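Hi,

Here is the structure I promised to pass on.

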Protein chains: 2
Amino acid sequence: MRNNSIIFLDYASTTPVDPRVVDVMMPYFNQKYGNSSSTHKYGQQAEESLEDSRQVVADLIGSKSKEIIFTSCGSESDNMALRGVAFAERKSRGASHILISPVEHHAVSNTVNQLQELHGFEVEIIPVDRYGMVDPDEVQKRIRPDTAIVSVIHANNEIGSVNPIDEIGKICRSRGIRFHTDAVQGAAHLPVNVDSLNVDLMSIGAHKFYGPKGVGILYVREGTPIVPSLTGGGQENNLRAGTHNIPYIVGLAKAFDLAQQGHQERLSHYLPLRDRIINQTLDQIPSVKLTGHPSHRLPNHTSFVFKGVDGNTLLMMLDAAGYACSSGSACKTGDPEPSEVLLALGFPREWTLGSLRVTIGQMTTMDEIEGFLETLPGLIHQVRELITL
Amino acid sequence: MRNNSIIFLDYASTTPVDPRVVDVMMPYFNQKYGNSSSTHKYGQQAEESLEDSRQVVADLIGSKSKEIIFTSCGSESDNMALRGVAFAERKSRGASHILISPVEHHAVSNTVNQLQELHGFEVEIIPVDRYGMVDPDEVQKRIRPDTAIVSVIHANNEIGSVNPIDEIGKICRSRGIRFHTDAVQGAAHLPVNVDSLNVDLMSIGAHKFYGPKGVGILYVREGTPIVPSLTGGGQENNLRAGTHNIPYIVGLAKAFDLAQQGHQERLSHYLPLRDRIINQTLDQIPSVKLTGHPSHRLPNHTSFVFKGVDGNTLLMMLDAAGYACSSGSACKTGDPEPSEVLLALGFPREWTLGSLRVTIGQMTTMDEIEGFLETLPGLIHQVRELITL
């Protein structure tokens, strides 16, 4: 996808909406525009589309339809899972211990920080290895009878590593503790069956898989203690108030179906491109390291740190040269502080400030990647020269 | 607007998206699709559209641009205002008393109920008169130094009454207590200047004024103590995390501009239609009362109670006869319990179960209204006969 001749290589931050998704959304703006809570025919029409979409999503993740809650984004899903279960578990059985990894998205880490500072919960961090992977044994060691919830990211947005969610989930289940995973990145590229993954709650956002920005899913396993974080009308089984955004919900279902059904096809497009970026970058540029796991990683995701490089300057130069990339997480770009995720992996500061994430999409071609790979080494050299001056 | 020949008379529940609004949204789905948090040109393009939209909204309500927080709906705005200020005021100065009216939208009343039950706040209800209006003197009597927040609905969704928000706001300000109003209905039809209204926080939802469902505004006056209810990335001045829904934000700004700029024109279309419905219904049908204030009410809003009528049966018969109306609030339609709002107005149960709300829109014609008024009396008679059997 080009825009003013800029090649977009930041598909982990967001994606364009697939034209087939836009098509299914359109009738809901001003033809089938009813409020799904209304009893008349306009309302019934909206309600039917809502429930059809819910069933599509449920089938794709192997859940019951009533276990699907539509939210406004992946971040809201994370908030609802953490806040909702933490408050419910504290009220019902006094559990106030929360266990998360140090490589969570800010929608998880900042939420548990607030639960700690404002609401008195105790937050404990599970260590990760140098690839940002959580060892299930470390969860086993730290989980307690008074743990309210465990949350471990499925695939990391900054470094692409995919965690052994199924094994962590098995441990949580055997201890009777609820387990949430942020699958916002992972659901775009990998199967996310809730029973295979052994999760009680799972967050998904549509705009990572060519759906619209502003709609997400929280899967909540039947029987999970949870209080609503957004109260009002009785929508979404009394768990998420607010008039349903039917165009986007219908669009999410369509986009998720395309992503999950077209999974293998997308994979065979992504992998050669991804591996070409990784291999060429590691081969051609001095003092560079791949961040995240070399094989257990998202199929469209590459991420690096360059020693002695200012990541923000590099991004600006790449932008000027016609490539839209990221330093790691769109949610904190521009932040001059080193990434907490990279620090958790044990990289020293002189490396962490030079991070680069290059993520590919359905429209990315090998020609574009070759052009990018011809440009990158010179720019890295220039940025290093700038710093030396 | 017709759908399968059903005339839509439920514009207080939702509206179709104005085609001019759909037009401005379209380029953001798959051309200008950047994540506004990204630093590259795609991100900058999104960020510019975001800030332009924020300025449009700010100008329309007479606020600073940075006082506008984009949310996913009016209900979320209400939640954020109540939860955010209550937690901040309790933390900073131990204030844990909340004052609301009994005619709030459920997004306010159920939120303070949760704040009471789960978080230990004390909620006090300000009485209303038979029109559902809050007397500012009653606020004066009840406001306390340890009041964390006062919330009074601007224009009521069920009964259309418009409260004296400016006077209530003056009292709150003189006592140094933060004041929120839910203007989700009002902002669609009336000027909502935040200084004229003397509010510190104001909730708005786009889908009441021909914008999309799934986007709203919370106005937060500079200096208002508030903690985020949705944590994660630093979006919206660290007050509302989540990737921006740029198409809908741009659409909201356009729709709100059309609504506020076209205010007088819409008014002169609505008032004769509204008054025709009110006068004919009261004249032609026995044992009927207008609910809400006869003059201080929304220009497109009519609402009634019919003695000895089952409201849900009436709605079904109207739907079958080709008219989509509501019993009061779309968020609780189907609920067999009498409306709390109508009970607060002092109506006995035999009246409250027979409520009907007929709200008109930009496309509503006098012919449609005459047809409706010819149909209604016979249906009311039939429903009453059914109950007598």
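Below is what I found, starting with how to read the model.

This is a predicted model, so to speak of local features pLDDT has to be at least 70, side-chain atom pairs count only at pLDDT 80 or more, and totals for chains, interfaces and linings use all residues. Residues are numbered from 1 along each chain as its sequence is written, while chains are lettered from A and ligands numbered from 1 in the order in which they are written.

**Domains of chain A**

Chain A splits into domain 1 (2–16 + 263–388) and domain 2 (19–261), with bounds that come from an automatic or database domain assignment. Taken over C-alpha atoms, the centres of the two are 28 Å apart. Where they touch, 26 residues of domain 1 are in contact with 27 residues of domain 2 (contact: C-beta atoms, placed from the backbone, within 7 Å). On the domain 1 side, strand E11 (301–306) and helix H13 (340–344) each supply at least two residues; the largest share, 3 residues, comes from H13(A). Helices (H or I, at least four residues) and strands (E, at least two) are DSSP runs, numbered from the N terminus.

What is that side of domain 1 made of, by class? It has 8 nonpolar, 14 polar and 4 charged residues (nonpolar: Ala, Val, Leu, Ile, Met, Phe, Trp, Tyr, Cys and Pro; charged: Asp, Glu, Lys and Arg; polar: the others, Gly among them).

**The sheet**

Chain A has an open sheet of 7 strands in the order E3-E9-E8-E7-E6-E4-E5, with mixed pairing (strands pair if DSSP finds at least two bridges between them). Its edge strands are E3 (68–71) and E5 (122–125), each pairing on one side only. On average, neighbouring strands are turned by 20° against each other, direction ignored. Within the sheet order, E8 (201–205) and E9 (216–220) pair in the antiparallel sense over 5 bridges, and A:Leu201 stands opposite A:Val220.

**A helix pair in chain B**

In chain B, the axes of H4 (74–93) and H5 (106–119) come within 9 Å and cross at roughly 35° (axes are lines fitted to C-alpha atoms, for helices over the stretch in contact, and angles run from 0 to 180 degrees between N-to-C directions). The crossing is right-handed, meaning the near helix is turned clockwise from the far one by less than a right angle. Among the residues that meet are B:Leu82 and B:Ala86 in H4(B) and B:Val108 and B:Leu115 in H5(B). This contact has 6 nonpolar, 4 polar and 2 charged residues.

Cheers

Note on methods: Contact = placed C-beta atoms within 7 Å.
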